[in-house]
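The sequence and the model come first.

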Amino acid sequence: MSLVLAERPIADRVPMWRLVLAARDGRVGVALTGASLLLILVGPMLAPFDPTAVNLAPSNQPPSMVHLLGTDHLGRDVFSRFLWGGQSILMIPLMAVVLTYLTAGLLSLVAAYKGGWFDLVVSRFFELLMSLPALLKILILVAAFGPSTPVLVAAIALTNAPGASRVIRGAVLGETQADYVQAAQARGEAALSVVTREILPNILGPVSVDFALRITWGIIALSTLSFLGLGVQPPQADWGLMIQEARSSLQKAPLVAIVPAIAIASLSIGLNLTADAVVRQFTGRTGAASGHGA
Amino acid sequence: MSLRLLKPIATRLGANVVTLIVISMVTFGLMNLKAPEDVARSVLGREVSAAQIADFVAKNGLDAPVAVRYVDWISRFAIGDFGHSIVTGRPVSNDVLTRLNRSLTLAALGSLFGVAAGIVIGVQLALRAGSKADFRVVTGLLVIASMPEFLIGIALYLVFVVWLGWFPTQAGMAFSFGDAWARAMTFVLPAATIGLLLMPHIARVARASAIEAFASPYVDAARLRGLSERQVSWDHAFRNAALPLMSVIGVNLVYAVSGVVVVDFLFGFPGLGALLVASIGSGDVFTTQAIVMMFAVVIVVINIAVDLAMLWLNPKARFRAA
């Protein structure tokens, strides 16, 4: 495998982003992701009103020139809330997945390399974590500690841990017999050093795809939680929460729910299509988004 | 059933029972982290006297050590006594059992639809593997799979409730006042949402395993022996394709069960999920832990059933485990 790669002249290798953009679903994915990220990052600067200011106008107004998407049940400007509402939905899952990789990821990296009872304990622990679906685990944690941002980050990080562990384990086990690893061992490098400086750079491909997918699952989990009223709390502007608040007036003002719904969908669909196009370059087949965030 | 099958079955049952016990301990531990006085305050409100708090703590048995309360709780749970809600004071089992029934029916209907549609779509795709239509549908499935469940539900709600007006706005009303037909109708959209949640995952695995099975040497061999196409598909291809399919169906049945949390809330369906969300919101820890435990029991039963089905389907696993 490594031999085949080495025989290919470097100059002939097409960069990954070109291969991804060559496929139509890859292009759509990159475009959707880019547009959503732009909206999330630049949106707050463009917001005409304070997203949490109440009674700007009479409540439940239809769209007008001043309030492009109308006002909600508290007379807040829906358009401003929409422009602000992407921050939490991106930042909390991002922090959570970084936390997953810093804790469970690193732990599994070392465990898979060292093997033995340590590996057994770590994998049994993560197996046990898998025994309840992600949503139930998060709900238990929110019920116990309340829906504050650190709890949401930790809960999403925890639900991502078993899956990330499995991906890392699989990748590490594929590398442990490689020549470069044995060379490093022969040089007398410490386990942590072999793992982080030798193995990690070589498994970055599958790991980075997994990282991106976990962010989409985090987005799905967090927006679901906010929709249930147990995630991001009022009066903060958040797309999931906006849909929850619009739920009772869907008949009269469906746009208040539809616009943030489209935004959440394009972010998670965009990330998934992009990740799938990347995975196809690695494995030759689709199947990135298998499993429900497990 | 031979005697050598008993050992793997016993091992799996044992592992699942241990899992269940661990889940019950962790859940109970987490639900009872708060000091009894804080639980009392969160239910009674801030402006309460010390005597009221002491009374609340004593009445709900919150003064005993956690370990004692755990053993008491889990042994009662095992015989179907889920305690009293600390918010309403009513027995939890009153609310929970009817809702469990409804939620399981809902999850079963949704899974049936999702699994059947997924297999049909997957096999149809496998027969057209590599074509343009195949690629388009596979991408479409990925798009559905990338969406949060509640967005699928909201889309169905907007089309069939708000726009077309085919269904009532809140399912709960039909349950309280409607006839049998009205009640049956309330299952349609929530079950469809759960089905759409599962379908893409089933379809993808069905497609992959059908492609693999039809390309395998034993299918060629069966054809060469002159077996009918039907025998080839069912006795040879399907039996081998069923194995990976069974494991993905198992995972998805579990998600169908947890999926009722979202659809209950979204469609106002009076199921277990709606009660779970409400009890977390109101700090009703007794109801919360009872419902979580019920979900855990249902999930473990599904896992056992899937394990047994895998043993039955896979001779290799039977011999390896024996």
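Which side chain does that of A:Arg124 meet in a salt bridge? In this predicted model, where local features need pLDDT of at least 70, side-chain atom pairs count only at pLDDT 80 or more, and totals for chains, interfaces and linings use all residues, the partner is A:Glu127, at 3.5 Å from N to O. Residues are numbered from 1 along each chain as its sequence is written, chains are lettered from A and ligands numbered from 1 in the order in which they are written, and side-chain values use heavy atoms, with hydrogens and water left out.

A salt bridge here is a side-chain nitrogen of Lys or Arg within 4 Å of a carboxyl oxygen of Asp or Glu. A:Arg124 and A:Glu127 both belong to helix α6 (residues 116–129) of chain A, where they lie three residues apart, about one turn of the helix; helices (H or I, at least four residues) are DSSP runs numbered from the N terminus. A:Arg124 counts as exposed at 52% relative accessibility, given that buried means under 20% relative accessible area, exposed over 50%, and partly exposed in between (1.4 Å probe, protein chains only).

| Pair | Closest N to O distance |
|---|---|
| B:Asp72 and B:Arg76 | 3.2 Å |
| B:Asp81 and B:Arg76 | 3.0 Å |

In chain B, B:Asp72 and B:Arg76 are separated by about one helical turn because they are four residues apart in helix α4 (residues 66–78). B:Asp72 is partly exposed, with a relative accessible area of 39%, and B:Arg76 counts as partly exposed at 39% relative accessibility, while B:Asp81 is partly exposed at 27%. In chain A, a network of salt bridges links A:Asp72, A:Arg76, A:Arg81 and A:Glu245.

Between chain A and chain B, by contrast, the count of salt bridges is zero. The contact (heavy atoms within 4.5 Å) takes 43 residues from chain A and 44 residues from chain B. The area buried between chain A and chain B is about 4000 Å², of which carbon and sulfur atoms give 79%; buried area is the accessible area (1.4 Å probe) that two parts lose on being put together, summed over both. On the side of chain A that touches chain B, α7 (134–145), α11 (204–227), α12 (239–246) and α13 (255–283) of chain A each supply at least two residues, and α13(A) gives the most, with 10 residues.
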